[in-house]
Amino acid sequence: MITAERKPIEEILELIRPYGRILLVGCNECVTVCAAGGRKEVGLLSSALQMASMKEGKVLDVKEMTLERQCDPEYVEELISTIDQVDAVLSMACGCGVQEIARRFKEKPVFPAVNTQFMGASERQGVWAERCQGCGNCILGLTGGICPIARCSKRLLNGPCGGSTAGKCEINPQVDCAWQLIWDRLKALGLERRYEEIMPAKDWRTSRDGGPRRITREDLA
Amino acid sequence: MMTNVMTNVRTNVMKTESTLEKVLAAGQLAVTSECGPPRGAVPEKVIEKANLLKGYVDAINVTDNQTAVVRMSSFAACLLIKQMGLHPILQMVTRDRNRLAMQSDIIGAYSHGINTMLCLSGDHPCFGDHPMAANVYDLDSIQFIQMVKNMRDEGRFFGGDAILNPPKMFIGAAANPFADPFELRVARLAKKVKAGADFIQTQCIYNLAKFEKWMEGVRDRGLDERVSILAGVTPLKSAGMAKYMKNKVPGMDVPDEVITRMSGVPKEKQAEEGIKICVETIERLKQVKGVRGFHIMAIEWEEKVPEIVKKAGLYPRP
């Protein structure tokens, strides 16, 4: 999923300061799963914003909506009935959702209420960790199902570097050494010999380095 | 005519004009040291440090924004050292440059007669003075070695185009026998050798038993015949430094007995003890088959290198 964390309330208040009527829009997808911008978080933020405004002697009108998918024009269209009643939109979706609203409603200011983080997985209750960088040319089949691009701090394709200590990365003992994990998996799979094959330098064109990416499916378009 | 023939014979054997390559090819124990460039436009500091090493080492590593702290560029400092008639080793990390920048710097350096380099990935920016900087890591150190070898032996840029007067670099790489997992450390060296490393400079050695065990693995695979291993040593200035190295420097292995020994002498005698340990380490490493020389990293203590080289019986240099 795409993970996100809510921005500090002070920052959000600053973003919406000039406006009296706000449409606060959540999303039912990833940000709901990572508890950053689903229906529940929309409710909580709405109350917090109204209370904070009241303290400043200001009345803030907040309308709440949570869309099925904010990155999908079909669902964003649902805002049409409400958009004229507000001065600005505050989105709790990831950056894709914020931009979809900006694209659809060209004359309405839209602000992010969350910081979009990374593509990751839940490690345990309340903990998410990065797993994929979307490089556009997946090598997980060569690395025992563990991505060195997303999970090695130096994204080494031929690790581990000289800073791997007791299974942890040199940058932080909380971070697993991706190459220790890869090695452990290769061993478990009986694929140790694969380690010594040099992984060639990556062609980053399939990643963000090739410019903004798009997928066109002729069969669906 | 005779001279030409001789030159040709030598060219056939040698890959480069590197002095380090010549010393190693002659079967002599090589000695290298390093010089960290200054944090400002003070070329006299580079010259001062290099002068301390002059005559005592075969080549001088020049670090590239070591520990991710901004310093004068390795290339610029190498050039100053080259102009003194000494032999710099251009260190380059993949952290700060993509493959375009690395290749242009390599041909630039070679254009000034710099013919030896050390290919590294580099410390992560989080350790340095610009933790907010983007890290590049377009290549890793092994792919970097491959690229430099390809530039030299095939005369091609990474992208495939021919290079006019390809840079003939004698290619170095690092090895840390003390990092985890230990069982991969020989295999990773093998990858660097396969990629094209000509020489290796190791992480500082304090745990001799572990280093010897690693070298055993290296010899078992015949890697010592294919690459020249220079054993890394760093003299300890104090017991405090020993503890710091043990606890704070990732991938560093300082056994307790070294710390006990340093702590066991009065503070004013600790530096002397550190030099003694360093010299003893070199003496013991000379007995390890496959060790072809020493890389003495006297961190901000370059003035002690001559003493270490002399006491370790490595003086005069060829």
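## A covered strand in chain B

Strand 5 (residues 170-175) of chain B is mostly covered, with six of its six residues buried. The model is a predicted one. Cover comes on both faces of strand 5 of chain B: B:F170, B:G172 and B:A174 are buried on one side, and B:I171, B:A173 and B:A175 are buried on the other.

Strand 5 of chain B runs parallel to strand 4 (residues 116-120) of chain B, and four bridges join them. One of the pairings links B:T116 to its bridge partner B:F170 in strand 5 of chain B.

## The barrel

In chain B, eight strands form a closed barrel in the order 1-2-3-4-5-6-7-8, with parallel pairing. From one strand to the next the twist averages 30 degrees. Strands of a sheet pair through backbone hydrogen bonds, either parallel or antiparallel.

Further along chain B, strand 6 (residues 199-204) and strand 7 (residues 228-233) pair in the parallel sense over four bridges. B:C204 has B:G232, in strand 7 of chain B, as its bridge partner.

## Helix 4 of chain B

Helix 4 (residues 74-83) of chain B lies across strand 2 (59-62) and strand 3 (88-93) of chain B, and runs at about 180 degrees to strand 3 of chain B. Eight of the 10 residues of helix 4 of chain B are buried. Among them are B:F75, B:L79, B:L80 and B:I81.

The buried residues of helix 4 of chain B pack against helix 3 (43-53), strand 2, strand 3 and helix 5 (99-111) of chain B. Just after helix 4 of chain B comes B:G85, with a positive phi of about 85 degrees.

## Nonpolar cores

The largest nonpolar core has 93 residues, and B:I60, B:C119 and B:V148 touch the most other members. Leaving out residues up to four places away in sequence, the contacts of B:I60 include B:C35, B:A50, B:L53, B:I81, B:L86 and B:I89. Another core, of 30 residues, lies apart from it, and A:I16, A:V89, A:A93 and A:I101 are among its members.

## Helices that pack together

Helix 6 (residues 141-153) of chain B and helix 7 (residues 185-195) of chain B have axes 8 Å apart and pack at an angle of about 20 degrees. Helix 6 of chain B is therefore roughly parallel to helix 7 of chain B. Their crossing is right-handed. B:I142, B:I145, B:Q146 and B:K149 in helix 6 of chain B meet B:K191, B:K192 and B:A195 in helix 7 of chain B.

In chain A, the axes of helix 1 (residues 9-16) and helix 3 (residues 39-55) come within 11 Å and cross at roughly 70 degrees. That angle makes helix 1 of chain A roughly perpendicular to helix 3 of chain A. A:I9, A:I12 and A:L13 of helix 1 of chain A make the contact with A:A48, A:L49 and A:A52 of helix 3 of chain A.

Most residues other than glycine have a negative phi, and most peptide bonds are trans. B:A68 is not a glycine, yet has a positive phi of about 60 degrees; its place is the loop between strand 2 and helix 4 of chain B. B:A68 counts as buried because it has 20 C-beta neighbours inside 10 Å. B:E300 also has a positive phi, near 50 degrees, and lies in the loop between strand 8 (291-296) and helix 13 (305-311) of chain B. With 8 other C-beta atoms within 10 Å, B:E300 is exposed.

A cis peptide bond, with omega about 0 degrees, joins A:G159 and A:P160. A:P160 sits in the loop between helix 6 (148-151) and strand 8 (168-169) of chain A. The bond from B:D180 to B:P181 is cis, with omega near -20 degrees, and B:P181 lies in the loop between strand 5 and helix 7 of chain B.

Notes: Residues are numbered from 1 along each chain as its sequence is written. Chains are lettered from A and ligands numbered from 1 in the order in which they are written. This is a predicted model: local features need pLDDT of at least 70, side-chain atom pairs count only at pLDDT 80 or more; totals for chains, interfaces and linings use all residues. Two strands pair if DSSP finds at least two bridges between them. Helices (H or I, at least four residues) and strands (E, at least two) are DSSP runs, numbered from the N terminus. Axes are lines fitted to C-alpha atoms, for helices over the stretch in contact, and angles run from 0 to 180 degrees between N-to-C directions. Two residues are in contact if their C-beta atoms, placed from the backbone, lie within 7 Å. A nonpolar core is a set of buried Ala, Val, Leu, Ile, Met, Phe, Trp, Tyr and Cys residues joined through C-beta atoms within 7 Å. A residue is buried if 20 or more other C-beta atoms lie within 10 Å of its own, exposed if 12 or fewer, and partly exposed in between; C-beta atoms are placed from the backbone. Angles under 35 degrees count as roughly parallel, over 145 as roughly antiparallel, 65 to 115 as roughly perpendicular and the rest as oblique. A crossing is left-handed if the near helix is turned anticlockwise from the far one by less than a right angle, and right-handed if clockwise.
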